[in-house]
Amino acid sequence: MKTAKLVTGILSIVLCVFVTFQSCAAGLVNALEDNGEVSGSAGVMVAICLLTAGIVSIATRNKEKNGGNIACIILYMIGALMGGSLAGSYADLKIWGGYAGICGIIHLMSAIKCKNNGKKNK
């Protein structure tokens with residue numbers, strides 16, 4: 001699972017840049033059209049969740065305790081919920097939210113595996 005956490009962390013940091021630029025463009029369109037949507041701001045928040053979770057994922061990939069996994073699960077799931085529920089006309093935000101949800105599930109599986117390995121070693 002160390003490799004999976006490293007890969008999801010690196011991809012999250014790289015995708016954060018794309019999500020940020022797309023969100024700025026979506027926010028500009030929302031402001032120009034004055035349509036009352038918040039998809040641009042939600043996209044920036046998803047990008048922040050991806051960046052933060054990616055950094056935590058890389059920093060804690062070799063740890064035996066579940067603190068880093070739990071932090072990543074929470075951050076990725078917040079990003080997934082915001083991406084899925086606040087997308088509006090910015091349809092790509094649902095894709096980024098789905099990616100965050102998949103990464104959250106990977107960290108959940110890692111936490112369960114780490115917990116089970118701890119019981120076997122005792």
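Which residues does T8 touch, not counting residues up to four places away in sequence? I would like to start there, and the answer is S57, Y76, Y99, C103, I106 and H107, where touching, or contact, means heavy atoms within 4.5 Å. T8 itself sits in helix α1, and at 7% relative accessibility it counts as buried; buried here means under 20% relative accessible area, exposed means over 50%, and partly exposed is in between, with a 1.4 Å probe and protein chains only.

Before going further, a word on what we are looking at. This is a predicted model, in which local features need pLDDT of at least 70 and side-chain atom pairs count only at pLDDT 80 or more, while totals for chains, interfaces and linings use all residues. Residues are numbered from 1 along each chain as its sequence is written, and side-chain values use heavy atoms, with hydrogens and water left out.

Now the overall layout. The chain has four helices and zero strands, so that, with helices taken as DSSP runs of H or I of at least four residues and strands as runs of E of at least two, numbered from the N terminus, the order from the N terminus on reads α-α-α-α. Along its principal axes the C-alpha trace spans about 60 × 20 × 15 Å. Of the 122 residues, 38% count as buried, and among the contacts with a separation of 6 or more, 76% are made by residues 24 or more positions apart. The chain exposes about 6,900 Å², with carbon and sulfur atoms supplying 70% of that area; accessible areas come from the Shrake-Rupley method with a 1.4 Å probe, and for residues only the protein chains shown count as cover.

Let me take the helices in turn, beginning at the end of the first one. L32 lies in helix α1, and at 70% relative accessibility L32 counts as exposed. L32 and S57 are 25 residues apart in sequence, yet their C-alpha atoms are 37 Å apart in space. In the loop between α1, which covers 2-33, and α2 we find D34, whose phi is near 50 degrees, a positive value in a residue other than glycine. D34 is exposed, with a relative accessible area of 67%.

Helix α2, residues 39-59, has 21 residues and reaches 30 Å from its first C-alpha to its last, close to the 30 Å expected at 1.5 Å a residue, the expected span being 1.5 Å times one less than the number of residues. Its buried residues include G43, V46, A47, L50 and S57. I55, also in α2, is by contrast partly exposed, with a relative accessible area of 48%, and I55 is 11 Å from L75, C-alpha to C-alpha, at 20 residues apart in sequence.

Helix α3, residues 67-85, has 19 residues and reaches 27 Å between its first and last C-alpha, close to the 27 Å expected. Among the buried residues of α3 are C72, I73 and Y76, and Y76 is one of the residues that T8 touches.

How many disulfides does the structure hold? It holds zero, a disulfide being counted as a pair of cysteine sulfur atoms within 2.5 Å.

Finally, the last helix and the surface. I105 lies in helix α4, residues 92-121, and is partly exposed, with a relative accessible area of 45%. Together with M1, M77 and M109, I105 forms a nonpolar patch on the surface, with about 340 Å² of accessible area together; patches are made of residues with over 30% relative accessible area and no salt bridge, joining like charges within 9 Å and nonpolar side chains (Val, Leu, Ile, Met, Phe, Trp, Tyr) within 5 Å, where a salt bridge is a side-chain nitrogen of Lys or Arg within 4 Å of a carboxyl oxygen of Asp or Glu. N117 is also in α4 and is partly exposed at 33%; N117 and C24 are 93 residues apart in sequence and 43 Å apart in space, C-alpha to C-alpha.
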